[in-house]
Every structure is written in structure tokens, then in C-alpha cells.
Amino acid sequence: MLMFALRRILVSIPVLIGITLILFIMLNVVPGDPVALMMKEHASADVIERVRQQMHLDDPLLTRYLSFLWDALHGDLGKSIKLNRPVTDLILKAFPNTLMLAVSAALVSWIVGIPVGILSAVRRDSFLDRFFMGFSLLGVSMPIFWSALLLQYVFAMKLRLLPVSGFYGWQYMILPAIVLGWSSAGVIARLMRSSLLEVMRLDYIRTARAKGLRETGVITRHALKNALIPVVTIMAIQVAGLLSGAVITEAIFSIPGVGRITISAISSRDMPLLQGAVLFATVLVILGNLVADILYSVLDPRIRAQMRKEA
Amino acid sequence: MTSPSAPLPADAIEALEEASFLRDTVRAFRKNRMAMVGLAFVLLLVLGAVFAPWISPHDPYRVALDEQLLPASTTYWLGTDNFGRDVLTRILYGARISLVVGIVPSLISLMIGTMMGILSGYLGGRTDFVVMRLADMMIAFPSLLLAMVVMYTLGANLLNIFIALALVGWASVARVVRSQTLALREKEFIEAARANGTARITVMLRHIFPNVVPTLIVLFTLAIPEAIMWESSLSFLGVGVQPPEASWGLLVAKGKEYMFQAPAVAIAPGVAILLTVLAFNFIGDGLRDALDPSMKD
């Protein structure tokens, strides 16, 4: 088990290094001088030159990459050109808001997705099943920015039940969490359904039925335990996905999170800030995948056995 | 590998088999009602997008400040936007961009992904290792952020959207194609071809590739709605298609400022995105069930 976790962690390291390299190259081959581009005509040649030197933009690309990597490992992602503050501080200050959004969205998607998936599987091919599956397809097919606008229009503008946007308290989190959670609720519901259907076909379920257990008992006590494994593992990936996918939701609801930082970094062409924010989100996603894989092997002894065979 | 006593030449038998496979596929697809509805919608949309200038009596770019934000009427079926332009006409023209953005990057990522996947699966060894690690990285990169970074670096225009989306999409194609290639490589007919002394490139092109085509068709149809979604998100965030061009995501973004006075300006293009994405998903599901039932999860 520990060996598996260790091996899995070791495999992620080259991926992470590769990603930092790709990201660094993409952001640093921007045609034109990034500093001049950002400051436009407001800055004199002297100022531009000084900022260039501060950012070591005249060093060779490889040197700059290595020092970027070294600094990043020490928690230093450079300084935002526009705000003149350390990128790490800006991200860490915004992160709790993004985390809160992602966690509440995840809660929405579990509270909706898991029961819907179970009901659909139990009542397979019924009207309810078709309705739920149609609904979850709708959730997946709707652009987030659009469903956000619809909810804003109905609940904030017309019914005036909730605030339109901003972030001054828990009630500001409700609409964003529903918007972001709904799209992944569809994914969870479908996975829950197919996983439960698969388990229900197995022999031990037939045994449970044969010994006279009621159907609810069969499902809650026997089937769900195994059917939930893939769902639980997808959750770790999902939370990470929500953290980075919050960009659009944060933009629409004006939530001061990491996603908003990313967008404002793009529009103000603040390269170090953009680089730091994207790197941060990507590391989260990789960590999420890592946790999911390890969780999977902890929860499912079959996976562990397979790992042992491969090793 | 026909027996010598068979009266038909090999290529004729092959043609027959292909025809029946195709016939079966078409029959299975046509039985799927949702897929047929999706197909009808997409055909209608394509016709609408191609013949937009002839269908619509309005100019999508003409500014008429005395006709701002009009409600729906017989002249303007969905009302007008903040520049007095007909919303329906803008959506119709937006369909051109959305369809092109759906199709072109999906094709590019399919081509790259197929090539990488076959090479990786068939050659194995170091090639496989390098290609798959590259794919791992691309998949670990959050798609929207990757696309945004590409747009930041290259600049916001249509061509760069193609590049960004192709870059986002190829890795998952490569993974699927690789696993299929791995399975195919063990089959007798591939072994036979190899024993014949067929060159590796020929085996890959003539024997492996045709066998992954059904999967590619399904991946292609399912990649289109995804690309449409990404483009509309990028355009909504302001790093995609730029005004005065009409892309659906951009139309929603511009319309959202007038949600109070004229909600249709933002809502209607969103409905267009939703219906198109649903339609392509239905077609993709139908094709998958018809072409390869084993891919059904």
C-alpha cells in the first residue's frame, strides 16, 4: 500500500516538472517585451529597463526557468507586475474563497448526484430514471456561464431572494455553488447509476436476496458499499477540477478567488501573476488525481491486489 | 486470408463485409430516436449557418441606435440587441463560428491524437513512454486554463482558438487510440502482416488505422460539442472570438449587461449552445452504440 502510494507520487513528479516547463515556455515566448506590453506607453524606457532587470528577463531562458523552478519550490512565485506584491500572497489570500466555492459546489453535486444516481439505478428504465438522466445530461450540456445568468435573472433579479453577485456572506455563495455544483452533479449521478447497476449484477447480491433480505437492505447494506467506491474516488478529482473550473463562476459572481486573479492577470497582461495562478491550479489538479488513485487502492482491495501483481 | 477454394476475390469479400457492417451501423443508428433528432437539428443548423445571408432579412452588423433592445416582434423574432441588431440573425451567423470551431480543432486534435496513439501503441518502448508522459501532462493541465494561456500567448483570434483547443484535445484521443492499438497488435492478422515482412509504417496505416476508424468517428462527434463549449467559454471570458464577430459565447457575454431590459439577448444564444451541444451528444451516443457497443459505459 505504502509502496503503491510512494510509486504513484514519484510518477507525478516528472509530470509536474514537465508542466512547469510547458507553462514557462508558453508564457515566456510571448512575442514582444512583456514589460513594455503591460505598461504600454505609460512607462519610460528607464522604468521598463529596471523592471526587466528585476524580473531577470535578460537572462537566458534556461537559467530563468531553473531559477523559477527553484523559487517556486520555496513558495516564491515572483512578484505581480501590476500590483507589485508577491504572487504567492495574492493567491493565498484568494484561495480560501475559491476553496469555499469548490467545497460548497461539491456538496451540492453530491447531495443531488448520489441520491439521483441511486434512484435511477433502482428504478432502472422507469420514467423517473429517464427523467433524471435527461436532467443530468442537461446539466452537463449547459454552459456554466449561461446557467449562472439564468439563475441570477430568476432568483436575484426577478424574485430578489438572493444577491446577484459579490462576496459578503454565506448567502452570496448559494447561487455560485448551485451553478458550479449542478454541472458535476450530472457526472456524479451517471457514475453512481452505472456503478450501482454493475454491482447489482454480482453474485453476492443474489446471495443477499436469496437469504431473504429486503431490497432496501440489499442496496443500503451490501450494494452501496461497493458501488460508492468509484464515486468516492471521482470526488477527489472533482474537487480539484472545481477548484480550477471556478474561473467562469468567479467571474460571473464577482467572487475574489484564484479564478478571478487568473482572468485579471490575462487582461492586464500580468505574466508572473498568470504563471503563478495557473501553476497553483495545476498542482491542485495533480494532487487531486494522486489522492483519487491512492484512495481507490485503499478502498478497493482488488486494485491493491492488481498493484501487487504488477510490482 | 481467403481460402483458395473461395470463388470470390478477396477485395470483393471485403467490400461485402464492409457494406454489411455499414448497413448494420446505419440501421442501428436510425433506430435511435434521440440520435436522429440530434442529426436533424444539426443538419438544420448547418443549413441555417450556410444560407444565413439568404434566410435572414437583417444585416448582423448594421447598427441602428433607434432600434435598441426591442422586444420580440414579427420583424425581429427574438428582439434586438444594444446596437439595434437582430438577435436571431446574430445567432444564425454565430452558428457559423460555433460549427467551424466545433469541427476544425476536433479534426486537428483527432489527427494528432491518432498519429500519436498508433505510434505509441504499436512501436512501444521509448516512443510510447515519451508520448504517454506528454499526454499525461496535457491531461493534468486544466483544459480551460491551458486554453486561456495559449490565447494569452498567441493573442485572441479564431485561428488561435483552433490551436488552443487542438492542444487541449489531442491527449485523450491519443490515450484511447493507444489502448486500441495495443489490443490490435496482438491480433492474428497483424501478426500475419508482420510475418509477411510488411513494413511497420504500412502495418500501422493499412491494418491498424482502419480498425480504429469507428472509434475515431465517435470521438469526433463527441469532441465537437466539447469544443463548442470551450470556445463559448473562452469568448465569454473575453479571450476568444472578438467583436464585432458573432460567436454564441460572446453574444451571451454582451447580452448579460442588458439582462434586465432584454433578457432574450443573452438567453437566446445560450439556448442555441445548449441545443447544439445536446444534439451532438445524442448523435455521438447513437453512433457509439451503433458502431461499437462495447464502448458503452
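**Notebook: chain A, then a patch on chain B**

I began with contacts (heavy atoms within 4.5 Å) in chain A: of those with a separation of 6 or more, 72% join residues 24 or more positions apart. A note to myself: this is a predicted model, where local features need pLDDT of at least 70 and side-chain atom pairs count only at pLDDT 80 or more, while totals for chains, interfaces and linings use all residues. Residues are numbered from 1 along each chain as written, chains are lettered from A in the order written, and side-chain values use heavy atoms, without hydrogens and water.

Next I looked up the secondary structure of chain A and found 13 helices and zero strands; helices are DSSP runs of H or I with at least four residues, strands runs of E with at least two. The C-alpha atoms of chain A fill a box of roughly 85 × 60 × 30 Å along the principal axes.

How much of chain A is buried? I noted 49% of its 311 residues, with buried meaning under 20% relative accessible area, exposed over 50% and partly exposed in between (1.4 Å probe, protein chains only).

Then I turned to chain B, where B:V46, B:L47, B:V50, B:F51, B:W54 and B:I55 make a nonpolar surface patch of about 620 Å². Helix α2(B) gives the largest share, three residues.

Key:
Patches are made of residues with over 30% relative accessible area and no salt bridge: like charges are joined within 9 Å, nonpolar side chains (Val, Leu, Ile, Met, Phe, Trp, Tyr) within 5 Å. Accessible areas come from the Shrake-Rupley method with a 1.4 Å probe; for residues, only the protein chains shown count as cover. A salt bridge is a side-chain nitrogen of Lys or Arg within 4 Å of a carboxyl oxygen of Asp or Glu.
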